[in-house]
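Here is my note on the complex, as numbered points. Please read it with the structure open.

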Amino acid sequence: MATIEDRILADFVNNDIEFVTTVPCKQLAGVIAKLDSCDSIYHIPSNKEDEGMGLCAGAFMGGKRPAIIMQNTAIGVTINTLVTLTQYYRMPLPMLISYRGELGEPVACQAEMAVHTKALLAQLHIPTYHFHQEEDAEELDAILKYTFMCNKPVAILTDATFWKGY
Amino acid sequence: MIRSEVIKQLIPVISDHFVVCNIGLPSQELHLMDDQATNFYMLGTMGLSSSIGLGLALAQKQKVIAIDGDGSVLTNFGTLPTIANNVADNFVLLIIDNGSYGSTGDQPTYAGQKTSLTAVARACGCENVIECQAEEAAQTVQQALDSNQMTIIVCKCESGNIKVPVIEMDPVVIRDRFMKKLEQRNA
């Protein structure tokens, strides 16, 4: 049976995503590891999430569909980039985000950004989907199609319950 | 020689290529002197010219020149290891290093003091790093384009600005005409 990581990657590939940048998170380690074995995706790790969004903007203008994989703490880092680059120039950007600081979180500090995550995304008018149970991922294909239809950054929050812990 | 003079002498070399231009005065100067569909002007987001340029170069075949500044590279220092480790031979990063934050009132940067961006780029693993003087900028960029090798150029020039109007074009228009021209060139 296909793992959840395999299914996420298959949705990326089926939606012609060919350029993926990542800033790691433990919860996303499985997906990130799979990227390197995928022939149709160029995986480019970035050192900071706003840098990654710049890379994705360039790739999009060059004709490749991009995506970014990052932790929710990145929302705090990237507000200016999301607003003045991705949104201002109307570019699509699926953001697969580990939603740290939710139920099951062992690290107290992670709860501090978790309480702001959805409020910030709402303030930025970023369409936001929250994967809590495994079956929630069935919507990923539709979410990716929606992202490239409307040319917006779109957030997919994936919490510890979805990943079944750490 | 100040940055606007560097950009002016570059125009015959870069006019026909795809250019990602740094926020603020560099984009305004390029826009004033040689507005082209092949220019992508950054209207916001300080620091990301090199990242946008690298993503663009990796995604397609046309040559890409990213015009950046010393202050902007300092803002997005993580870009240099990413560039070094993801070689795109159609990419030229031109850092116009005037040792100051020109668009915000010429406050000095560390690049004009003890920090050498040339040495940093090399330490990050970039293989073709050339430092040149302002007068040599056009020739150095031409040689980098001709070499078909990813090149980082640190062009030292004097601090100072000319008066230029802001860019009033809509960002989506800038992006759309750029993408259409690129698609046409790649067809």
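1. Start at D136(A). This residue sits in the chain A loop between strand 5 (128–131) and helix 6 (140–150). Helices here are DSSP runs of H or I with at least four residues, strands are runs of E with at least two, and both are numbered from the N terminus. D136(A) is partly exposed, because 17 other C-beta atoms lie within 10 Å. The cut-offs: buried means 20 or more other C-beta atoms within 10 Å of the residue's own, exposed means 12 or fewer, and partly exposed is in between, with C-beta atoms placed from the backbone.

2. What does D136(A) touch, leaving out residues up to four places away in sequence? The answer is F131(A) and F162(A). Contact means that the C-beta atoms of two residues, placed from the backbone, lie within 7 Å.

3. A word on the basis. This is a predicted model, in which local features need pLDDT of at least 70 and side-chain atom pairs count only at pLDDT 80 or more, while totals for chains, interfaces and linings use all residues. Residues are numbered from 1 along each chain as its sequence is written, and chains are lettered from A and ligands numbered from 1 in the order in which they are written.

4. Confidence. The predictor gives the complex an ipTM of 0.97 and a pTM of 0.97. Chain B has a mean pLDDT of 97, and 100% of its residues reach 70 or more. pLDDT is the predictor's confidence in each residue, from 0 to 100.

5. Chain A overall. It has 6 helices and 6 strands. From the N terminus they run α-β-α-β-α-β-α-β-α-β-α-β. The radius of gyration is 14 Å, close to the 15 Å of the globule rule for 166 residues, so chain A is as compact as a globular protein of that length. That radius is taken over C-alpha atoms, and the rule is 2.2 Å times the number of residues to the power 0.38. Buried residues make up 47% of the 166 residues in chain A. Of the chain A contacts with a separation of 6 or more, 76% join residues 24 or more positions apart.

6. Chain B overall. Here there are 8 helices and 8 strands. Buried residues account for 49% of the 187 residues in chain B. The C-alpha trace of chain B spans about 45 × 35 × 30 Å along its principal axes.

7. Strand 4 (residues 93–99) of chain A is mostly covered, with 7 of its 7 residues buried. In a regular strand the side chains alternate between the two faces of the sheet. From strand 4 of chain A, L93(A), M95(A), I97(A) and Y99(A) point one way, while P94(A), L96(A) and S98(A) point the other way. Strand 3 (residues 65–71) of chain A pairs with strand 4 of chain A in the parallel sense, over 4 bridges. Pairing requires at least two DSSP bridges between the strands. I68(A) stands opposite M95(A).

8. The core. The largest nonpolar core has 97 residues, and L94(B), I153(B) and C155(B) have the most contacts inside it. Its largest share, 7 residues, comes from helix 3 (residues 49–61) of chain A. Such a core is a set of buried Ala, Val, Leu, Ile, Met, Phe, Trp, Tyr and Cys residues joined through C-beta atoms within 7 Å. Leaving out residues up to four places away in sequence, L94(B) touches several residues, including I65(B), V141(B), I153(B) and C155(B).

9. The interface. In all, 26 residues of chain B are in contact with 25 residues of chain A. Helix 3 of chain B gives the largest share of the chain B side, 8 residues. Helix 3 of chain B is also mostly covered: 11 of its 11 residues are buried.

10. Two backbone angles to check. R90(A) is not a glycine, yet has a positive phi of about 55 degrees. R90(A) lies in the loop between helix 4 (74–87) and strand 4 of chain A. T45(B), also not a glycine, has a positive phi of about 65 degrees. T45(B) counts as buried, with 27 C-beta neighbours inside 10 Å.
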